[in-house]
Amino acid sequence: MDAIETIRVAKDSLFVNKLRSVLTMLGIIIGVGAVILLVSIGEGARKEIYKELGELGSNILVVVPGKTSKEGGMHMGTSVVRKITYDEAKFIEKRAKNILHAVPVIVGTSWIKYKGKSRDTYIVGVTEPYFEIRNLKMGIGRGISTSDVDSHLKVCVLGRTVRKEIMGDANPLGAVVSIGDAKYRVIGIMAQKGMALGFDIDDVVFIPTTSSMELFDTDRLFNITLKVRSTELVDRAKKEIKEILIKRHANKEDFTILSQDEMIAVMGKILNIMTAVLAGIATISLIVGGIGIMNIMLVSVRERTREIGIRKAVGAKNRDILIQFLAESIILSVAGGIGGVVLGVALSTGLKQLFDFLPTHITWWSVAIAFAFSALIGIFFGVYPARKASLYDPIVALRYE
Amino acid sequence: MVILSDITKSYILPGGEVEVLKGISLEIKRGEFISIMGTSGSGKSTLLNLIGCLDRPTSGKYLLDSIAINTLSGNELAEIRNKKIGFVFQSFNLIPRLSAIKNVELPLLYAGILTGERRDKAYEFLKKVGLSERGEHMPSELSGGEQQRVAIARALINNPAIILADEPTGNLDSKTGQEIIDIFKAIHREGSTIIMVTHEKYIAEQAERIITIKDGVCFGGCY
Ligand SMILES: Nc1ncnc2c1ncn2[C@@H]1O[C@H](COP(=O)(O)OP(=O)(O)O)[C@@H](O)[C@H]1O
Ligand SMILES: [Mg+2]
């Protein structure tokens, strides 16, 4: 039996049960669509993070507490990690020849209140160079200055979202807000930065590191963000900081110094896992779709037992019957796969348009893999019913009512 | 052309083995028109299915056109059915989803004949059974007699050595049944070998020879 006729016969029998065929395909459509959509979300996140990290510039180093293994996996909670302190940051800035700035960063959350309105938000303690290092632009007013830090001044710079939520259109400069138990004077508003990965980077308040130490009652830093004098000096600077810190940490290397490349590598590993988990979840729905195909094909084989008998009586070989039914399940899954590609691409594009915090990124390989996988599923879950059909005894099949 | 020697056929049922054919020997020559008669359950259909290579005997020898059928595989039997046998059943056995002409084309499909030639030939055979206008009709849109004529066109299309008909008039009124028998007679005159199972005497008597089966053995007319 020729290929064109095989496809025509398969197509005809799928058309007889249009609704059933469409419902069966729906399983594959959703599965393939989900793979493409979820992978595009994961890859979109990767792109966004890489972009953010790339913007940091290649002469940035970040020192974080705890030792990260060479493979990039984090050791969490395995041993007591010695904290990195404000004084250490100051010490590095003073001693390390290759370092231009060392910013001690503290991150916490707290309520910020203004005239009866309040918001629970991120409070980030920084020093003056932070804004330049992280490429953060001021909207109005000024940023945190060195004298603010040195004098433990209670001043703050608000992100756009915080300002909008607690003060609306009121003139913010000079306004006094409550953070924790203390009063802070607003000295500046950040320029808008937008959303990244569902995280509103305008929903943040900057205060001097020294004030944040009082607010959170700690000298434990979130990290030290360092600017090296030049890109060529990054390796030397790393070595220098390492020596300084090891000496101060009783000869133990219980901290990690990450360069831009390493931050990208670490994030890449995390994102790989995230993408794999998303793809895995989506694949399960694809397999469920495949089981749906198998179920419907088994029903179809049973319903057409007599037809199989007739075809065999006029000369169909086992292989002809096998191919006929296999063609049906493959057409179902491939058509479902095409539908799924359309759905997945449409959804990821739509999401990107609708929500700027979900920067999806469609990759050709996820489309190719999802589509190929759907075809494979048609074969895999189609073989059993088709084989069953092909092995019917013609006499028994002809007698079937 | 058909030589059966001491053919038996048993079915294994939950209650034990039932021997339906108990040693049948018979010979049919090319161009003969044979009726097989016998009471219901005597094994007529079983015998016809064996001759038609739809089934295999439990023991005994079957030569069709000097080919030893016993030794063939399932797929080889399928090829024999395709090339040498044309079946006509009591219940027509058309595929309900396919139009009349598609049903007629079916044996050609498995003979590897391409679309255009298939259609032309199917049309030719539909015309032969007087249904040239009905090609695009679905089986459900045809009368019983018309459906059986489509089935005959399908049986003839591969130019088979034997036409096997299992009570072809069983589901038809006597007038329509006679029309079907007339078609068989016509194709017999053109040289076809026809073996027809029936339990109606007046139909059986229109054949050249009547084979009678009783309780799984040959009662008469086997040679
Ligand atoms: N596949 C089968 N399994 C079990 N018994 C069968 C099968 N086919 C036929 N028989 C039995 O064999 C006997 C002969 O059947 P059949 O050849 O159809 O008779 P006829 O066509 O003469 O009426 C019956 O008793 C029938 O029940
Ligand atoms: Mg019978």
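Predicted model: local features only at pLDDT ≥ 70, side-chain atom pairs only at ≥ 80, totals over all residues.

Me: Which pair does A:Y130 form with A:F206: stacked, edge-to-face or tilted?

Reply: The pair of A:Y130 and A:F206 is tilted, with 6.1 Å from centre to centre and 50 degrees between the planes. A:Y130 belongs to helix α4 (residues 130-133) of chain A, whereas A:F206 belongs to strand β10 (residues 204-208) of chain A, so the pair ties together parts that are 76 residues apart in sequence. A:Y130, A:F131 and A:F206 form one aromatic cluster.

Me: Is A:Y130 buried or exposed? And what about A:F206, buried or exposed?

Reply: The relative accessible area decides, and under 20% counts as buried. A:Y130 has 7%, so A:Y130 is buried. A:F206 is at 6% and counts as buried. A:F131 is buried as well.

Me: Which residue lies over the face of A:F91?

Reply: For this feature, look at the charged end of a side chain and at the ring centre. A:R248 lies over the face of A:F91, 4.8 Å from the ring centre. Chain B has a case with a lysine: B:K214 lies over the face of B:F219, at 4.8 Å from the ring centre.

Me: How do I read two helices that pack, for instance α3(A) and α8(A)?

Reply: Read the distance of the axes, then the angle. The axes of helix α3 (residues 86-95) of chain A and helix α8 (residues 234-248) of chain A come within 11 Å and cross at roughly 135 degrees. The two helices are therefore oblique to each other. The crossing of α3(A) and α8(A) is right-handed. On the α3(A) side the contact is made by A:D87, A:E88, A:F91, A:I92 and A:R95, and on the α8(A) side by A:E240, A:I241, A:I244, A:L245 and A:R248.

Me: At what angle do α3(B) and α5(B) pack?

Reply: The angle between helix α3 (residues 100-110) of chain B and helix α5 (residues 144-156) of chain B is about 30 degrees, and their axes are 7 Å apart. These helices are therefore roughly parallel to each other. Their crossing is right-handed. B:A100, B:N103, B:V104 and B:P107 of α3(B) make the contact with B:V150, B:A153 and B:R154 of α5(B).

Me: How many residues of α1(B) are buried?

Reply: Count them along the helix. Seven of the eight residues of helix α1 (residues 44-51) of chain B are buried, and the helix is mostly covered. Among the buried ones are B:K44, B:T46 and B:L47. Just after α1(B), B:C53 takes a positive phi of about 60 degrees.

Me: Finally, a single residue. Where does B:S10 lie, and what does B:S10 touch?

Reply: B:S10 lies in strand β1 (residues 2-13) of chain B. At 13% relative accessibility, B:S10 counts as buried. Leaving out residues up to four places away in sequence, B:S10 touches B:E17, B:V18, B:E19, B:V20 and B:T58. From B:S10 to B:G220, 210 residues apart along the chain, the C-alpha atoms are separated by 22 Å.

Key. Residues numbered from 1 in each chain as written. Chains lettered and ligands numbered in written order. Heavy atoms only, no water. Buried < 20%, exposed > 50% of the residue type's maximum accessible area, 1.4 Å probe, protein only. Phe/Tyr/Trp six-rings, centres within 6.5 Å; stacked < 30°, edge-to-face > 60°. Helix = DSSP H or I, 4+ residues; strand = E, 2+ residues; numbered from the N terminus. Lys NZ or Arg CZ within 6 Å of the ring centre and 35° of its normal. Axes fitted to C-alpha atoms, helices over the stretch in contact; angles between N-to-C directions. Parallel < 35°, antiparallel > 145°, perpendicular 65-115°, else oblique. Left-handed = near helix turned anticlockwise from the far one by under 90°. Contact = heavy atoms within 4.5 Å.
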